[in-house]
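This report describes selected features of the structure shown below.

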Amino acid sequence: MLLIDQVNYSSTPTYNFPSLLEDHGFSEKLIEASVISLESITGKKLRLYVEDSISSDEDITEATITVNSIEQFKVYTLKPIREPTSVVGVDTSSIKIGETENGIIYAFRGTIVWRSFNNYKYIRIGPLPFHITEENKNDIYNTLKRYYLGLNFSRGAPNVTVMQSRICSLLEYWLQKIACRMVKNSLILWDGSLIANPGDCSSIVLPDLLKFSRRKSNVILAFSKVSKLRVLGKYITDLVFGFKPPCLLEVRENSIPSLNPLKILGRIYVAKFIEGPFIFRLDVDKNLDSEEVLCAVGKLIWNDLMFQGYPETLRLAHILSTFTATEVMAIQKFISETYGLKIVAKPDIRKLLFGPYGTGLEGLT
Amino acid sequence: MRLYKKEGDTIKILSFPGEEVEKGEYLIIEDGESGRGLIVQVIDVQFANIPGVLEELLRNSAKELTYGEDIDPLGISSHVAYIEDARVLICKIRGAVEDGRLCVYRSWLPSRFKSIIRRLSINRLMFILGLPGELPIEVGEAYSSKFILNAKDLDGKLNIITGKKGTGKSHLSKLLVLSLVDYGAPVVVLDINGEYINLGFKKNGEKNEYYNKILILTPSENFKVNLAETSLKIMMDIMVYALELPGTSAREFQRIWVYLKSKDTISLAKLGEAIRSWKCNERVRDALFSRYYTLVNSGFFTDEENGFISFEEALKTISCGGVIVINLRNQSSTNRRIIVEYILGKLTSLLSSKKLKAIFLFAEEAHLYLRETYWDDLVTRMRHLGIFTTFITNQPDTIRDGIYRQVDNIFLFNFTSDRDLEVISRAARIDSETVRLIAKELPPHYCLVLGYVVKDFPVVVKIRELDVKTMGETRLFFTEVGASVYAS
């Protein structure tokens, strides 16, 4: 019997993220830094955060950009491109656990999710609690930067309250780096925008990650759920209401004013994949031309589920990273049991002073 | 375990994995500083309302569709599971202790942060309650402790054993019957299904130690009654209540009876002749004849002098401890009523004349043979005479509210019907919530003991095994796998 024809299926790449993390000695430095930081809290008191305890991991780096002319937009209609392509999503989350006499305890977690053979797989790292104080913040920041991002220069760490976003970003960059390293010809989805801030290490790390990604023929697509980008006072996400999905609205580079000292590393789009209010800002590597961007987004539409117009891979990465109230309690329990931390309720000064008045909507309930 | 909340007489306690507590168990909340403690009973176990649990569950359901690995180097997920699995124990306050002694609970609350919550074993509880006392009856096991009640707490009391079919009511009833016999008590069982006829045998069919103390009286077979030994009162009760003889006819029957008595010729044959020749209205005669033939056809009354044991003699044989089982199986409802009227009439008469000290009466499904007026009579007048009744029923609504209010002890087996539980909870000497929440989930052979025997501290008991051939043989269709339907 002769085989007269054979359909040629391209194989989907497979990965082994867990072993990769082990190879990189994940369990050594990050845990070590976490444990060393926590050792300093033994016998102290932890004041809990009742309100605002679960921080949002919305894009905290996106700056407000004002575009002055509506002429500077171009709308593209998207078509799904039926080419099997791997989709990888990366997200991280952080949360404030409480305050000690001399610092703040934060917890961090990050997730890489990838779609493989119609299944979603993930690797989740954390929760990793850190006790950040004025005394240890430099050590922690520089150690993690050096070890996970290869940045050997030492720089003074920011304020303790800003360290939450900095460590979270470090963890996110590291996971993004791993994702970029492990796949090729794939789509890598980030949460946030492609704006570099010289004040942190993003101005060094982000260009490197984009460059590295291009070398592996990967395309990074950064989604922002909320955008501060405005045109003539209106949010740019509101500009695509009249267009039929799926479509992309491109904000021309020359229409964006200088954001000194911030640096925009991507092309900025507004993505509308389905009807309704589900419109997102999408940043794509500036070094890719429009055709490549349309091709990448077309592949994304075909290769990933787009429930509510948002890639499922990235949604899962987000869901798996965020902290629930139960987890916050569990972290508090772990810290108090392991390090003998005494948990005390933090008095709500506003309530003590004003009672039911001046507490916003909460006072009405 | 931590004290969480108090609402009325309900205490809510937080319990964590490793501190599993079952429904019905007792806890003691001790306040070391004041030397006082609260005794509470767990009536329900619920999930603690932990913030974020819904999100966690939803995320886990997403994880079920996603394959992956969690790198959790500090093992925080185990703490999450610990918190998620926290339970709230809904407890009822049953009493208070001060310096180890039971005292009246007067709205005292232990410290929420300093109090220590421990399991209170049934042994310890019984000790605090001063149980079981001098005549112990081992009923079974309650949370790994032997549960023993005091036979004296059944003496002079009205008890109800109730639960749905197949939960073990008759088993407990037999256990109590034999335990009372152990202490020399005379017991009469009104056995509607012939379930007690094998009480004198072990499971393997051999005779047991009670064999000689058990007398099975099967009406119309080995138990017949001579009319001459029956009083007019008993006969009138049978005629009026069991056979519903109208008033005018009853008066004629009374005259006939007095006439025959004066001639000292009371017998079934003479009674028939007297009715035939008695000068009275024909309709009265018809009415009397129809009742007369019912008596004759019942086979319970006889003119024969020998071969049958009288009920009075039978009672003498158990006066130092024993059981008379009145086997009502295969009796028509009219016959059952006649027999029971006779038995109760006889017992009342013997107790009134002090020929009998007292008797424990176990009545299975009494609504099937006990006339309306007897219910109240049994729990009031007859009780004072010395008949201490235990009703066994799977239809609690057949027992009237008035009876329930007099009940001293309830042995409650599983009920799934809310209606049945409602009936019992109205009468039980504890809150309805306890009855509803505990009884609904009782497995077979587990019983919630309520009332005087447990000093109003309800206890869930697993009734112990009894080496007694329990049921009369029930004829089954599917006796053997593959058995032929047709006889060869």
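At what angle do helix 5 of chain B and helix 10 of chain B pack, and how far apart are their axes? The answer opens the account of this predicted model.

## Helix 5 and helix 10 of chain B

Helix 5 of chain B, formed by residues 232-242, packs against helix 10 of chain B at an angle of about 145°, and the two axes are 9 Å apart. The crossing of these two helices is right-handed.

On the side of helix 5 of chain B, the contact is made by B:Ile234, B:Asp237, B:Ile238, B:Tyr241 and B:Ala242; their partners in helix 10 of chain B are B:Arg337, B:Ile338, B:Glu341, B:Tyr342, B:Gly345 and B:Lys346. Sorted by class, the residues of this contact of helix 5 with helix 10 of chain B are six nonpolar, one polar and four charged. As a general point, an α-helix has 3.6 residues a turn, so residues three or four places apart point the same way.

## Two further helix pairs in chain B

Helix 6 (residues 247-262) and helix 7 (residues 268-277) of chain B pack at an angle of about 125°, with 10 Å between their axes. B:Phe253, B:Ile256 and B:Leu260 in helix 6 of chain B meet B:Lys270, B:Leu271, B:Ala274 and B:Ile275 in helix 7 of chain B. This contact of helix 6 with helix 7 of chain B comprises six nonpolar residues, no polar residues and one charged residue.

The other pair consists of helix 14 (residues 418-427) and helix 15 (residues 432-439) of chain B, which pack at about 140° with axes 9 Å apart. Helix 14 and helix 15 of chain B are therefore oblique to each other, and they cross in a right-handed manner. Helix 14 of chain B contributes B:Asp418, B:Leu421, B:Ile424 and B:Ser425, which meet B:Ser432, B:Val435, B:Arg436 and B:Ala439 of helix 15 of chain B. By class, four residues in this contact of helix 14 with helix 15 of chain B are nonpolar, two are polar and two are charged.

With a relative accessible area of 22%, B:Tyr143 is partly exposed.

B:Lys354 belongs to the loop between helix 10 (333-352) and strand 17 (359-364) of chain B. Its relative accessibility is 71%, so B:Lys354 counts as exposed, the cut-off being over 50%.

Chain A contains nine helices and 16 strands. Of its 365 residues, 54% are buried. Among contacts in chain A between residues at least 6 apart in sequence, 75% join residues at least 24 apart.

A:Gly89, in strand 4 (residues 87-99) of chain A, is buried, with a relative accessible area of 0%. Leaving aside residues up to four places away in sequence, A:Gly89 touches A:Thr111, A:Ile112, A:Val113, A:Leu189, A:Thr313, A:Leu314 and A:Ala317. The C-alpha atoms of A:Gly89 and A:Asp191 are separated by 8.2 Å, although these residues are 102 residues apart along the chain.

Just after helix 3 of chain A, A:Gly150 adopts a positive phi of about 70°.

The peptide bond from A:Gly126 to A:Pro127 is cis, with omega near 5°, and A:Pro127 lies in strand 6 (residues 119-133) of chain A. The bond from A:Pro245 to A:Pro246 is also cis, with omega near -5°. A:Pro246 is located in the loop between strand 11 (234-235) and strand 12 (247-251) of chain A.

Notes
Residues numbered from 1 in each chain as written. Chains lettered and ligands numbered in written order. Predicted model: local features only at pLDDT ≥ 70, side-chain atom pairs only at ≥ 80, totals over all residues. Heavy atoms only, no water. Axes fitted to C-alpha atoms, helices over the stretch in contact; angles between N-to-C directions. Helix = DSSP H or I, 4+ residues; strand = E, 2+ residues; numbered from the N terminus. Parallel < 35°, antiparallel > 145°, perpendicular 65-115°, else oblique. Left-handed = near helix turned anticlockwise from the far one by under 90°. Contact = heavy atoms within 4.5 Å. Nonpolar A, V, L, I, M, F, W, Y, C, P; charged D, E, K, R; others polar. Buried < 20%, exposed > 50% of the residue type's maximum accessible area, 1.4 Å probe, protein only.
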